[in-house]
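Work through the exercises below with the sequence and the model open. Each solution goes step by step.

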Amino acid sequence: MNKLLSALSEAGIQLVVTDGKLKLRGAKGDMAAHLVEEVRRNREQLLAYLGSTEQLMRDVTLRQSAVIRQERDGASLPLSYAQQRLWFLDQLGEGTSHYNLPMVFHVEGEFDKHCAQQAIVRILARHEPLRTVFAMADGEARQIVREPDGFAMECVDLSGMEPVQQEQAVQEAIIADSAAFDLSEDLMVRARFLDLGSRRGVFLINMHHIASDGWSMSILVKEFVAQYRALRECLPDPFSPLSIRYSDYAQWQRDWMSGPRLEEQLAYWENQLAGIPLVHSLPLAHPRPQLQRHRGARTEVQLNADLRGALGDLAQRRQVTMFMVLHGALSILLAGFGSANDVVIGVPVANRTQKELEDIIGFFVNTLVLRVDCSGNPSFTAFLEKVKAVNVDAQLNQDVPFDRLVERIKPARSLAYSPLYQIVFTMETGAAEEALALSGAKLSPIVPDEVAAKFDLVITASESERGIRVCMDYDTDLFELATIDAMAAGLQEVLHAIVRDPSVPIANMPLLPSGKQEALLRVVHDDCRHFPQT
């Protein structure tokens, strides 16, 4: 099922369920005959698989009013709740680079620096958050939208250097680009091109999280490529002005999330998170520092296409998403390694349930706190229903901004760990790894060597035709690599057990590979102890 959906996506075709009917969006006239036949043959399964997710999103959308364009009188504008939280953290840290969103690309071919600069100028004109600054007014933070001017892409000529010197200069430039943004003065995007000669270079783009998120980074890249091509080929601007601005959303959010509606959703979370553990139960290799230093490392594992297919089939049979299946498996793993049945993870959600928000660069993402009870030793099939219910209920109450949730729950606060959750799970596509074709040039993403540990543990699953790649970013102040490697191996074991027999009780699932359990357990035992978490 997932292979078919991926093939349709690559062909530019989207399947949706509307009023119980399966409909196709996209260039259907170019759809290959074998795909048409596959859709026809799997119609009922596709309806079942897509129906539950589509219905959930319709339920969320129908609960919300439309975002409308607001009149302006030239004054400063309110912040969204997400912006307000980051602005507060920036003030607390007196400027920090932890919320930078950098992208680095290797450039091959003839890169037109003038077209690149003009492409970003057009993007600045289209997306106000990238030219918004923040200031205090009447005792509260306000956003001030500036005119789209003053942008200049820095160009550095490294072509006369030897390769070793070039590599060092590139690394120094990447480090320099990580400098904090001044939220009161700077544009919220900057770019730099390093010319290595011989039609090679490195292109750096950086945005601050207060003006962007993961979805927005994809918009920026897509629009940059389209604008660059249009400028190179002397074509008009391919994008029309946006009908809705981010500031319209910020005002809508404050109006929408107030009164009984806010209280209803806060009441759900207050009940769901009552008695939540202060921190996770995973054993630590080192005492937790009093202040997070964000020093991280990464390990990863590739789940092959066969396992991905089997997990997709299981998801289709149980009418759940792939995310829910992986969330269930991960909860079992964390409960086993942490020896505690109360598993809490944070899950970022795009928070763009209305269509008018889909094309806007801005900070929309919210975090849902998913709490799963792994007690009672149910079968995985029964456990998956519990996981599904947790996910669905969280989605239906996703409007509450995370900072408002923290205010209501009032967990004990500490600079040593994040409140409510310290483990994050997210899913993304593998599209970020693909090269981007410009007119006469190609951009290939460069994955940075250094990993910033924003949380204790971040698990990212990237689904593609090759299978599922799982990356585990961990805080090296807390964990050793051997422990995280053991967890990665354990996740594979749980997933294989699930597809072999989903009726097996979850406490009976293997957490470590057969034949390696004793050695890995010894490594984990030697590395980890239950240090005090406060």
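**Exercise 1.** Find the residue that stands opposite Ala437, then place the strands around this pair in their sheet.

Solution. Ala437 stands opposite Lys442 in E15. The model is a predicted one, in which local features need pLDDT of at least 70, side-chain atom pairs count only at pLDDT 80 or more, and totals for chains, interfaces and linings use all residues. Residues are numbered from 1 along each chain as its sequence is written, and side-chain values use heavy atoms, without hydrogens and water.

Next, take the strands, which are DSSP E runs of at least two residues; helices are H or I runs of at least four, and both are numbered from the N terminus. E14 pairs with E15 (residues 441-445) in the antiparallel sense over 3 bridges; pairing requires at least two DSSP bridges between two strands.

Then widen the view: an open sheet of 6 strands runs in the order E7-E8-E9-E4-E15-E14, with mixed pairing. E7 (154-157) and E14 (436-438) are at the edges with a single partner strand each, so one side of each has no neighbour in the sheet.

**Exercise 2.** Determine whether Cys374 and Cys471 are buried or exposed, and count the disulfides in the whole structure.

Solution. Buried means under 20% relative accessible area, exposed over 50%, and partly exposed in between (1.4 Å probe, protein chains only). Cys374 has 7% relative accessibility and therefore counts as buried. Cys471, at 9%, also counts as buried. A search of the whole structure for disulfides finds 0; a disulfide is a pair of cysteine sulfur atoms within 2.5 Å.
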